Protein chains: 2
Amino acid sequence: MRVCAIAGGVGSARLCAGLARVVDRRDLTVIVNTGDDERIRGLHVSPDIDTVLYHLAELTDWARGWGLAEESFVAHERYQRLVERLPEIQDDLQDWFALGDRDLATHLLRGRLLDLGRPLGEVTQALARSFGIESNVLPMSNDSVRTVVTTTKGERLDFQTYFVRRHHSDALSNVEYSGATEASPAHGVIEAIQAADVITIPPSNPVLSVAPILAVPGVRTALTRSAATRVAVSPIVGGRALKGPADRVMASLGHEVSPVGVAGMYKGLIDFFVLDSVDESRRDDIEALEMRPVVLDTIMSGPEEAARLAKDILDAIA
Amino acid sequence: MRVCAIAGGVGSARLCAGLARVVDRRDLTVIVNTGDDERIRGLHVSPDIDTVLYHLAELTDWARGWGLAEESFVAHERYQRLVERLPEIQDDLQDWFALGDRDLATHLLRGRLLDLGRPLGEVTQALARSFGIESNVLPMSNDSVRTVVTTTKGERLDFQTYFVRRHHSDALSNVEYSGATEASPAHGVIEAIQAADVITIPPSNPVLSVAPILAVPGVRTALTRSAATRVAVSPIVGGRALKGPADRVMASLGHEVSPVGVAGMYKGLIDFFVLDSVDESRRDDIEALEMRPVVLDTIMSGPEEAARLAKDILDAIA
């Protein structure tokens, strides 16, 4: 059974880690959002790709959600000390973005491979191999697509400034995927969607993590036309985001903060929609969107629970 | 008294550290070789600039000669482990170049500043400020000049491959400074030479460290025309290089491996030439090159000895 996941953020990385435990991992392809990518201190950082890699390699700090377990921050602390002596330009120096020492090795290897002229897709596949990952991990595009938000105060912010520097505390009036219309899917993306038996949109922020992938020309059409069984999982449980700002972003942009609000954004793309048992009362509203509701316990508090949820989903849609 | 040093490599960084202890450090300008600069893992690394910065900041590992004291290598060891899983491309991944965790902060700050579009000269001055250095540290040029060596077996090697990867063990038939003829001196370089009361070429490899600086158009002429007292220090003591491959490089290229061989390369540029007391018998040969010989104990085994040598040199040429 070939499984394709459309992934961005911690929730989706968790479900991918679960899927890799219950299907043949060589049959799993993960297409990852790169709208959050940013140049940090001279290096190309792909936060969502790294979160997926670290989860698939079982090296992540599960509770924290980002980065590697048993991490140290010698380089970062030293960087912050250097920046302290440059108050006149400190604002430009990204000292609010922590890169751990082990994590840095990933960015350095990506930096070297990009320096060699390889496209991000090849680079990402080499990184996956370097982590011993047998699944196929692909960026949504080799081209630059950048999520840019506009706050209700009218400020335009790059994603990491909004998300990390300001702790996603601004209310948003708009979200754009800059560069998306000119981008092409990375080699293998459309092919993986076409070849899949099951396509899943794990619990991810629909606006910040999933929509950038759908904005890459060709992806939405491939999903629409796919013969696969397509299943999404709600990132909203009991009216709140499990992790991150999905609830506030949805409210800001006028979406209902509920599984039904999420499902509405996937209308026409999805056959099954998984909602948490606490939201069971919304089954009928999901059906009204022409999706089949699946009620499950969706909280993934560890790798075992993620594997259990992955199995439950596959069983439910079989 | 304004002092200008033409620097590259460990010996010159040591003498600069000594000078900074015996003159007003705000009156010291160090013009540094960037022919050894290389992109390492996506980052611009300037080994000679960093060696000068770390010595001036008194943060260096004096005995090792490169890098910072009390260094850790978490990122580097992790990088090597990732590379082990990519045997098919390992040869391109520079896992032989060690970057310490604290050292990485320097390269990351340089990377960020270069990403902001600043020229290498401004970047280097900001780095110096971030280290609390009050002296003026300048790259020889903002433009790319790269030292490329040809071995006696006919291989052309970039500098770091020759120096670090192959431990400078190849005999050389030629050394070029690729890009030098199109390069311009960085802002402040010519001005520092013109304004100096004393110009020093510390003990450095004349072919690999000093010659690239002299190859930047305008530098040699400015030195020739300078009204400053100009003094060079021999990196060859008792027929051997104090550090690095200067002896073998000079022999390979047909130069006499002695203070006289070094002085011959600086003919017309230098007023005084410092040779070690073990080479005192060569005084007359230095005089024959129209330089005034100065015999001193030149071994800098620590910061105190470097300061003593700096003071002895300034006293001798006063």
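Reader: Which residue in β8(B) is the bridge partner of B:Thr150?

Author: This is a predicted model, in which local features need pLDDT of at least 70, side-chain atom pairs count only at pLDDT 80 or more, and totals for chains, interfaces and linings use all residues. Residues are numbered from 1 along each chain as its sequence is written, and chains are lettered from A and ligands numbered from 1 in the order in which they are written. Strands are DSSP runs of E, at least two residues, and helices runs of H or I, at least four residues, numbered from the N terminus. Strand β6 (residues 146–151) of chain B is joined to β8(B) by six bridges, and the partner of B:Thr150 there is B:Asn174.

Reader: In what order do the three strands of the open sheet in chain B stand?

Author: Two strands pair if DSSP finds at least two bridges between them. β7 (156–158) and β8 (172–178) of chain B each have a single partner strand, so one side of each is left without a neighbour in the sheet. The pairing is antiparallel, and the order is β7-β6-β8.

Reader: How many residues of α1(B) are buried?

Author: A residue is buried if 20 or more other C-beta atoms, placed from the backbone, lie within 10 Å of its own. Helix α1 of chain B covers residues 9–22. This helix is largely enclosed by the rest of the structure, because the buried residues number 13 of the 14.

Reader: How many residues does the contact take from chain B?

Author: Residues are in contact if their C-beta atoms, placed from the backbone, lie within 7 Å. Chain A contributes 31 residues, and chain B contributes 31 residues.

Methods:
Two residues are in contact if their C-beta atoms, placed from the backbone, lie within 7 Å. The expected span of a helix is 1.5 Å times one less than its number of residues. A residue is buried if 20 or more other C-beta atoms lie within 10 Å of its own, exposed if 12 or fewer, and partly exposed in between; C-beta atoms are placed from the backbone.
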